[in-house]
Every structure is written in structure tokens, then in C-alpha cells.
Amino acid sequence: MKKILILFTALFLFKTGLPVYSFNLDLNFNNNREIRSLLKSYDKALRSHDINAIKSFFDESYVSADGFSIEDYISMLEKTYNTYENIKYETKINNITSYDNWALAQMSDKTKAKVYPDKNIKSGAKVGILDGKSSYVIYLKKTNDGWKIVSDDVLMEETSLKYGIANKIDMNLVTPVFIENGKEYDISLKINTPDDIIALASLSREEVVYPPVETDEKYRKFPESGELERLVTANNKNLDEYAIASVGFTRVSVSEELLKARIEVLGMAYIMKRINTKIPPMISISNVEKGSDDKN
């Protein structure tokens, strides 16, 4: 399940390194209007799961920040649609700037879906709730076929998938927003667990690659302090990463007559946050090492 979640959160991973221009909104009203219309049509295609229409919005030179081609992107979309059949997007165009034949659009979105372990049983007690949000920039260029998406850049991304009682328990995954290549950083999970419930959790990091690489998970009983921490080392390959928390919630009851313990699984949760290794030049290294994102 966690690997499918990674495929979903990889929908908006993008390329950096485009030429830098000075943009002027007032001088490019027509361009901005065209781009806004195109992005709304693109959003409509995403909502309707129209793969052929989605492909038409991309230039053939498209490569994501993580080295994904348009074929990789479409493959991830297809797997996402197959897994989250009722997935819904709420997309907002925050700003559009353009200059000559180049443009960028700053976007944000929220995603929601319900996941049923057994598609034939639509039980509210067993349903999983997918919740995600991201902020990103789309880069476009004007071609003979109109405006095309050539690159994108993720600013923030986090996703959770929760089952059962996990939907009612406060959880906060704390990570840095940026980290230098090869540097150590701390992943922390804070949970307010009821007294009669036992939480088992695993904290890990994964590089953003496609196909995803399987990693070992080692579960530990959640400390009474309400916070589990793990120190990890970032990759030195200039790849962005995901910090991942996997949590299981159980209750143990003992039958005095039968002298047996009964373990009841009450819920599960998967929480992910993206950590960027490509640090913007305006952010000093010292501030990156000291700062962290403590909002979930």
C-alpha cells in the first residue's frame, strides 16, 4: 500500500533548471489568459481520468525534476487511477507570469479519495481516507501547437492514508523542508494515543525514483512520551526524498477464563512528506540545518 501511495505523491514531481527571466504580468495579459484557460482544461482532463487528453498538454521534451519522462508520468497516473478510482482534485491557480514565449504558473492542490480493501464491500468502518496537498510551479513554452508544459518544480508535498481509528487520532510527522546531499536529518512522529491503544510505528526515508525501490521497515512500540524519532542520512545523488511514517494501532484484551490474549487491529496510517535536496539559493545552509517543518 505504501508503494502505491508513493506513486500517487509522485504525480507532481518536476524539473528545475530552466532559463530565468524577468516576468511582467501587465504586458502579457493575452498570454496569461491563454495559459489560464489551458490549465483549466488540463485540470478537467485530470478529473475525468482522460489519459490521451492529459498527454496532449505536454511537450515531448518534458522531463521531471527527478528524471521522469512523460511515459513515466502517464504510467504513474494510470496506476493512481486504478488504485484510487474516486480520487478528487481541488486545484488552484495562484499566479501566472509570462515573458515572450515562456511562462510559469504557481499552483496548489488538494487531493482526496476513499480506499476500500475489498471493492465489493463498501464498509465505512474499513474505508481508508487518502488526503494530500502540494504546492508547485508549472513551466510552459509557446510552440506551434500552442502552450505546452515543459517542466515543473515541487515546493511542498505531503500525503496521508488512514484506516479505521487512525482517522480520529492526531498525528504529526516533523521533517526538514530542505536538506543538503549526504547530511544527517531527523524524522519525528508525534502521536496522541489513547491509553488503551498500543501504537507500533516505523520511520524511514526513500529516494524519489521510478520505479520505487523497496525499503525495509522496522516497527517499534511507540514511546510513552508520544514521540518517536529516527536519525537518517540523505542520499548524495542530488535526489529528493520522502520521509515516511507507517503506524499500526492495536488493542490487547485478556480473557481470564481462557487465559488467552486477543490482539485487535484498530487502524493503520501512512504519512509522507517530501524533502527537497535542491536548496533555493536564497535559503542559507545554516537556516536549512536549523529549520524544520512542524506542521502536518
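Figure 1. Of the 296 residues in the chain, 46% are buried. Buried means under 20% relative accessible area, exposed means over 50%, and partly exposed lies in between (1.4 Å probe, protein chains only). This is a predicted model, in which local features need pLDDT of at least 70 and side-chain atom pairs count only at pLDDT 80 or more, while totals for chains, interfaces and linings use all residues. Residues are numbered from 1 along each chain as its sequence is written, and side-chain values use heavy atoms, with hydrogens and water left out. The chain has five helices and eleven strands. Both are DSSP runs, numbered from the N terminus: helices are H or I with at least four residues, strands are E with at least two. Among contacts with a separation of 6 or more, 72% join residues 24 or more positions apart. A contact here means heavy atoms within 4.5 Å.

Figure 2. The side chains of D43 and R47 meet in a salt bridge, 2.7 Å from N to O. The term means a side-chain nitrogen of Lys or Arg within 4 Å of a carboxyl oxygen of Asp or Glu. Both residues sit in helix 2 (residues 29–47). They are four residues apart, about one turn of the helix. D43 has 13% relative accessibility, so D43 counts as buried. R47 reaches 44%, so R47 counts as partly exposed. A search of the whole structure finds eleven salt bridges.

Figure 3. D240 and R274 form a salt bridge, with the closest N and O atoms 2.6 Å apart. This pair links distant parts of the chain, 34 residues apart. D240 lies in the loop between strand 9 (227–233) and strand 10 (241–255), while R274 lies in strand 11 (residues 260–275). D240 is buried because its relative accessibility is 2%. R274, at 7%, is buried as well.

**Figure 4. A salt-bridge network.** Salt bridges link R205, E207, K237 and E241 in a network. Within this group, E207 bridges to R205, and their closest N and O atoms are 3.3 Å apart. E207 is partly exposed, with a relative accessible area of 23%. R205 is partly exposed too, with 21%.

**Figure 5. An aromatic cluster around F58.** Ring pairs join Y42, F57, F58, Y62 and Y73 into a cluster. Rings of Phe, Tyr and Trp (its six-membered ring) pair if their centres lie within 6.5 Å; planes under 30 degrees apart count as stacked, over 60 as edge-to-face and the rest as tilted. The structure holds six aromatic pairs. In one of them, F58 and Y62 have ring centres 5.0 Å apart and planes at 75°, so the pair is edge-to-face. Both F58 and Y62 are buried. F58 also pairs with Y73, and this pair is tilted: 5.1 Å centre to centre, with 50° between the planes. The F58–Y73 pair links distant parts of the chain, 15 residues apart. F58 is in the loop between helix 3 (51–55) and helix 4 (70–83), and Y73 is in helix 4. F58 has a relative accessible area of 9%, and Y73 has 2%.

Figure 6. Strand 1 (residues 88–99) and strand 2 (residues 102–115) pair in the antiparallel sense over eleven bridges. Two strands count as paired if DSSP finds at least two bridges between them. I93 has M107 in strand 2 as its bridge partner. Two residues separate the strands of this hairpin. D100, in the turn, has a positive phi of about 55°.

Figure 7. Strand 5 and strand 6 (residues 184–191) run antiparallel and are joined by four bridges. N172 has K190 in strand 6 as its bridge partner.
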